[in-house]
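Please keep the sequence and the model in view while reading.

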Amino acid sequence: MIRTIAYPRAALIGNPSDGYYGKTIAFVFKNFTAQVELEESAHLHIIPCNRDRMVFNSAKEIVEEVQEFGYYGGVRLVKGAIEVFYNYSAARGHTLHSKNFTIRYSTNIPHRLGLAGSSAIVTAVMKSLMQFYQFDIPKPVLANLILSVEKDELNIGAGLQDRVAQVYSQPVYMDFDKAIMDSQGYGNYVPFDKDMLPPLYLAYRENLSEGSEVTHNDLAARYARGDADVLDAIEQWKDLTVEVWSKLQKDDKDIAGLINRNFDIRNSTIQVSSGNKQLVQAARAAGASAKFTGSGGAIIGTYENEEMYNRLTGEMNKIGAVVIKPDIA
């Protein structure tokens with residue numbers, strides 16, 4: 001039995017510029033996991049989990065599931081990962097052995113809250129396939145392949161930073177400069193020690209669940225037509241990332257103002273729902289900094305001490321939000 005895991009991702013600064021030749025810093029955290037189990041079998045068998053069920057007790061139950069998980073579960077992610085892995089190995093002249101396998105996945109990552117739960121499933125599948133077929137893929141290339149499963153095969157709007165953080169499984173500074181991407185096919189990625197980071201919290205509300213494509217597809221369309229506001233925002237997010245990275249390397253963990261600025265730029269550029277704004281406002285009311293971890297539904301920020309963290313928890317409880325301290329990988 002091969003068992004692999006991948007973790008949710010939180011973007012510390014710079015998002016959402018990773019799909020637009022920007023710069024970001026992100027990490028994965030171990031409070032939640034996506035897990036894959038794979039074992040040899042007579043036929044290739046994909047076992048669905050509870051997010052892929054086809055039997056319901058009522059129409060109301062179907063509606064509730066769609067509201068929570070969307071119309072598609074994880075089986076399409078597993079299929080897409082297998083296809084991309086197979087095509088990549090074939091294109092490299094690597095003949096895979098003919099043994100078949102049974103594969104199943106499970107995940108407890110809060111769904112559709114900007115925590116990269118889908119790419120965590122794909123990452124875990126890719127890791128299991130590399131073990132089963134004894135075929136290693138370099139980390140920067142693997143991140144590209146994981147992105148292609150969602151973006152190219154399944155037409156899900158996304159950027160690279162989620163996959164980079166999940167493949168390296170530690171905090172990473174990422175530079176997606178166009179010249180670098182064009183020359184080597186991926187960005188410059190600098191993994192670093194989690195001790196360089198200040199105390200961080202993460203808060204989310206499950207009733208804000210929304211597919212990341214809602215944000216990404218609109219942003220991509222505006223970027224493609226040269227929207228001045230979007231282009232300016234991306235440049236500002238780049239600058240914020242460079243400034244945060246410079247501070248962290250000097251052991252300066254005072255980045256609260258830069259985190260707040262990241263959200264403020266986003267709020268002035270991209271439509272943010274009232275529920276998501278309420279998350280940020282509640283955090284700032286407690287004195288903490290706040291920005292989105294991804295596309296929305298969850299926020300990340302810094303806090304100064306336990307007293308502030310307790311205030312933060314109290315403010316979040318008022319709006320039905322969960323607060324955790326991320327166990328950074």
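The points below cover a helix crossing and then selected salt bridges.

This is a predicted model, in which local features need pLDDT of at least 70, side-chain atom pairs count only at pLDDT 80 or more, and totals for chains, interfaces and linings use all residues. Residues are numbered from 1 along each chain as its sequence is written, and side-chain values use heavy atoms, with hydrogens and water left out.

**Helices α3 and α4**

- The axes of α3 (residues 117-133) and α4 (residues 139-153) come within 10 Å and cross at roughly 125 degrees.
- In contact (heavy atoms within 4.5 Å), Ser118, Ser119, Val122, Thr123, Met126 and Met130 of α3 meet Leu142, Leu145, Ile146, Val149 and Glu150 of α4.
- The residues of this contact comprise seven nonpolar, three polar and one charged.

**Salt bridges**

- The structure holds 16 salt bridges, each a side-chain nitrogen of Lys or Arg within 4 Å of a carboxyl oxygen of Asp or Glu.
- Arg104 pairs with Glu39 at 3.7 Å, N to O; Arg104 lies in strand β6 and Glu39 in strand β4, 65 residues apart.
- Lys238 and Glu235 form a salt bridge at 3.1 Å, N to O, and both lie in helix α8, three residues apart.
- Lys238 is buried at 14% relative accessibility, whereas Glu235 is partly exposed at 39%; buried means under 20% relative accessible area, exposed over 50%, and partly exposed in between, with a 1.4 Å probe and protein chains only.

Conventions
Axes are lines fitted to C-alpha atoms, for helices over the stretch in contact, and angles run from 0 to 180 degrees between N-to-C directions. Helices (H or I, at least four residues) and strands (E, at least two) are DSSP runs, numbered from the N terminus. Ala, Val, Leu, Ile, Met, Phe, Trp, Tyr, Cys and Pro count as nonpolar, Asp, Glu, Lys and Arg as charged, and the others, Gly among them, as polar.
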